[in-house]
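Hi everyone, thanks for coming. Please take a look at the model on the screen, and then I'll walk you through a few of its features.

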Amino acid sequence: MNYRLFELVNGHAGRVDGIDDVMEFAAQYLIYVVFAVAAVLGAVALRRGRLRPVIALGAALAVAFLGLSLSRTSMAR
């Protein structure tokens, strides 16, 4: 079952130029859209006086950054 799902998702990789281009674009630039949306939602929450969601978002980003930094450090060895 897992292999079938893998093949379903990745079976056309490298074969369909249009899909490859869309996926490459998403992999490179979609993160900026995600951060922009998070910033707007954080600003709206702050404007409404809701500090807890903004703190939770900041904590999640800090944990993600720390995890990425640790994984890169361990991979460099």
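This is a predicted model: local features need pLDDT of at least 70, side-chain atom pairs count only at pLDDT 80 or more; totals for chains, interfaces and linings use all residues.

Residues are numbered from 1 along each chain as its sequence is written, and side-chain values use heavy atoms, with hydrogens and water left out.

So how confident is the predictor? On pLDDT, a confidence per residue from 0 to 100, the protein averages 86, and 95% of its residues reach 70 or more. The mean is lowest in helix α1 (residues 2–10), at 82, and highest in α2, at 89.

Now for α2, residues 17–47. Helices here are DSSP runs of H or I, at least four residues, numbered from the N terminus. From first C-alpha to last, the 31 residues of α2 reach 44 Å, close to the 45 Å expected at 1.5 Å a residue; that expectation is 1.5 Å times one less than the number of residues. Just after α2, G49 has a positive phi of about 80°.

Which residues of α2 are buried, meaning under 20% relative accessible area? Among them are D20, G42 and A45. D20 has contacts (heavy atoms within 4.5 Å) with H12, A13, G14 and R15, leaving aside residues up to four places away in sequence.

Terms used:
Helices (H or I, at least four residues) and strands (E, at least two) are DSSP runs, numbered from the N terminus. Buried means under 20% relative accessible area, exposed over 50%, partly exposed in between (1.4 Å probe, protein chains only). pLDDT is the predictor's confidence in each residue, from 0 to 100.
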